[in-house]
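The following note concerns the structure shown below.

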Amino acid sequence: MKIALIGYGKMGKEIEKIAQKRGHQIVSIIDLSNQKDFNSDAFKSADVAIEFTSPNSAYENCVNAFKSGVKVVSGSTGWINHHEEDIHKFCKEGNNTLFWSSNFSLGVAIFSAVNSYLAKIMNDFPSYDVTMSETHHIHKLDAPSGTAITLAEGVLANIDRKNKWTNEPSQNSKDLYIESIREGEVAGIHSIKYSSEADDITITHSAKNRSGFALGAVIAAEFTAKNNGFLQMSDLFQFLK
């Protein structure tokens, strides 16, 4: 498979390494210095572009790839909610393809399924309050993380006593508080805690490095090359249905 990389930071380089190990060819690398290459023959030859940049540039990157007829896998967070209607229109009416996820790690996918299942159980036990925390490296621009928001949505969909998530401490018992911590070079830690007067129940996913995210992005690209439309992790992994 021919892959284009949009963004060539730490994640882009890790994706490049894993993609080549899996027998794929990197045909184009686009970063801030060569945006004109979206129109190049090399970029247009790609079966899929994998995009890991920033909330400020991700949407434009996807649109530029679509204009060149290239499918996109995007792991950039902090932007999709602001452009969701346009993206769905691009995919449905423009016959474009985007696979978007807040987190491509297989471990996080499994963790997300466990989170939703646990929330269903805890819906029947109102003595337990639920809170969340997420810790990432100091370079991460968005807070809470896209993964934390996805996990929070899994809780909110299954616990009737919570109405919305908040990134600020709240006195409203219906709010789900997400604490965001930025320190060092932490790859990503997400915890969901259920607390009562009697005990605490906590589930945690802790990423050791970026390799799990990069591998998942390449697997998603392999899936995207054979499928069309707006795709998510629930399309790739049936246990998330």
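1. A residue is termed buried under 20% relative accessible area, exposed over 50% and partly exposed in between (1.4 Å probe, protein chains only). By this criterion, phenylalanine 99 and phenylalanine 104 are buried, and phenylalanine 52 is buried as well.

2. This is a predicted model, in which local features need pLDDT of at least 70 and side-chain atom pairs count only at pLDDT 80 or more, while totals for chains, interfaces and linings use all residues. Residues are numbered from 1 along each chain as its sequence is written, and side-chain values use heavy atoms, with hydrogens and water left out.

3. Seven aromatic pairs are present in the structure; rings of Phe, Tyr and Trp (its six-membered ring) pair if their centres lie within 6.5 Å, and planes under 30 degrees apart count as stacked, over 60 as edge-to-face and the rest as tilted. The rings of phenylalanine 52 and phenylalanine 104 are centred 6.1 Å apart with planes at 55 degrees, so this pair is tilted. The two residues lie 52 residues apart, phenylalanine 52 in the loop between β3 (48–51) and α3 and phenylalanine 104 in the loop between β5 (98–100) and α5 (106–122); helices (H or I, at least four residues) and strands (E, at least two) are DSSP runs, numbered from the N terminus.

4. Phenylalanine 99 and phenylalanine 104 also form a tilted pair, at 5.6 Å centre to centre and 35 degrees between the planes. One aromatic cluster comprises Phe52, Phe99, Phe104 and Phe223.
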